[in-house]
Structure formats: structure tokens, C-alpha cells
Amino acid sequence: MIDEIVGYTIFHLILNTIGGCIRWIYGSIWRTIFNKPKFTFKEYLYGPKKSKNHWDKHHMMNNGIVGFIFIIIIIGILV
């Protein structure tokens with residue numbers, strides 16, 4: 001039970017949020033340049049509003065991967 005709480009906290013609060021922030025910044029700049037409709041920050045964290053699966057696992061996985069890569073890069077720069 002504790003492992004699930006700690007694992008969820010590490011993944012969701014740290015990696016998902018960092019990855020979502022990076023994807024949101026990149027997506028906002030990219031969509032502004034190419035004049036496309038923008039997504040909200042919440043959509044980058046949890047998936048599109050119009051998705052049938054409200055808690056879209058693919059977006060969380062992408063955010064986790066981006067967050068993990070970002071942390072590895074930061075650690076690499078600092079060490």
C-alpha cells in the first residue's frame with residue numbers, strides 16, 4: 001500500500017507535472033507559430049477534454065517520459 005502511494009506520488013506529482021509543463025510550453029509555442037488551436041494545461045496533464053477516456057494513460061505516460069528525460073538532463077548538467 002505504501003509503495004503504491006509513494007510510486008503514484010513520484011510519478012504523478014513530479015514526473016507527470018514536469019512533463020506536462022514542458023509539453024504545454026512547447027505545444028503553446030509550436031501552435032502559436034503555426035496558428036493552430038491551443039490546448040489547456042489541464043489537457044496536457046490529463047488528456048483532451050473530448051476524449052472518451054477521461055484519465056488518458058497515454059498522456060500521463062508521455063508526460064512521465066518527458067519529465068524523466070528532463071530530470072536526467074538536469075542531473076547531467078549539474079554533475
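Biologist: Which residues of H1 are buried?
Modeller: This is a predicted model, and a residue counts as buried when its relative accessible area is under 20%. By that cut-off, the buried residues of H1 are His12, Leu15, Asn16, Gly19, Gly20, Arg23, Gly27, Ser28 and Arg31.

Biologist: How many Å apart are the end C-alpha atoms of helix H1?
Modeller: H1 covers residues 2–33, which is 32 residues.

Biologist: At which residue does H1 bend?
Modeller: The bend in H1 is about 30°. One of the buried residues of H1 marks the place, and H1 bends there, at Asn16.

Biologist: Is Arg23 buried or exposed, and what is its relative accessible area?
Modeller: Arg23 lies in helix H1. The cut-off for buried is under 20%. Arg23 therefore counts as buried, with a relative accessible area of 19%.

Biologist: Which residue has its backbone oxygen 3.4 Å from a polar atom of the Arg23 side chain?
Modeller: Leaving aside neighbours within four places in sequence, Arg23 is in contact with several residues, including His59, Asn62, Asn63 and Val66. Another residue on that list places its backbone oxygen 3.4 Å from a polar atom of the side chain of Arg23. That residue is Tyr44.

Biologist: What is the phi of Asn35?
Modeller: Asn35 follows H1 and lies in the loop between H1 and helix H2 (41–46). Most residues other than glycine have a negative phi. Asn35 is not a glycine, yet its phi is positive, at about 55°.

Biologist: Is Asn35 buried or exposed, and what is its relative accessible area?
Modeller: Exposed requires a relative accessible area over 50%. Asn35 is therefore exposed, at 72%.

Biologist: How far apart in space are Phe70 and Leu15, C-alpha to C-alpha?
Modeller: Phe70 lies in helix H3 (residues 57–78), while Leu15 is among the buried residues of H1. The two are 55 residues apart in sequence. In space, C-alpha to C-alpha, Phe70 and Leu15 are apart by 9.1 Å.

Biologist: Which residues is Phe70 in contact with, leaving aside its neighbours within four places in sequence?
Modeller: Phe70 is partly exposed, at 36% relative accessibility. With those neighbours left aside, Phe70 is in contact with Ile18 and Ile22.

Methods. Residues numbered from 1 in each chain as written. Predicted model: local features only at pLDDT ≥ 70, side-chain atom pairs only at ≥ 80, totals over all residues. Heavy atoms only, no water. Helix = DSSP H or I, 4+ residues; strand = E, 2+ residues; numbered from the N terminus. Expected span 1.5 Å × (residues − 1). Bend = angle between axes of the 7 residues up to and from the residue. Buried < 20%, exposed > 50% of the residue type's maximum accessible area, 1.4 Å probe, protein only. Polar contact = N/O pair within 3.5 Å; in protein donor to acceptor, adjacent residues only side chain to side chain. Contact = heavy atoms within 4.5 Å.
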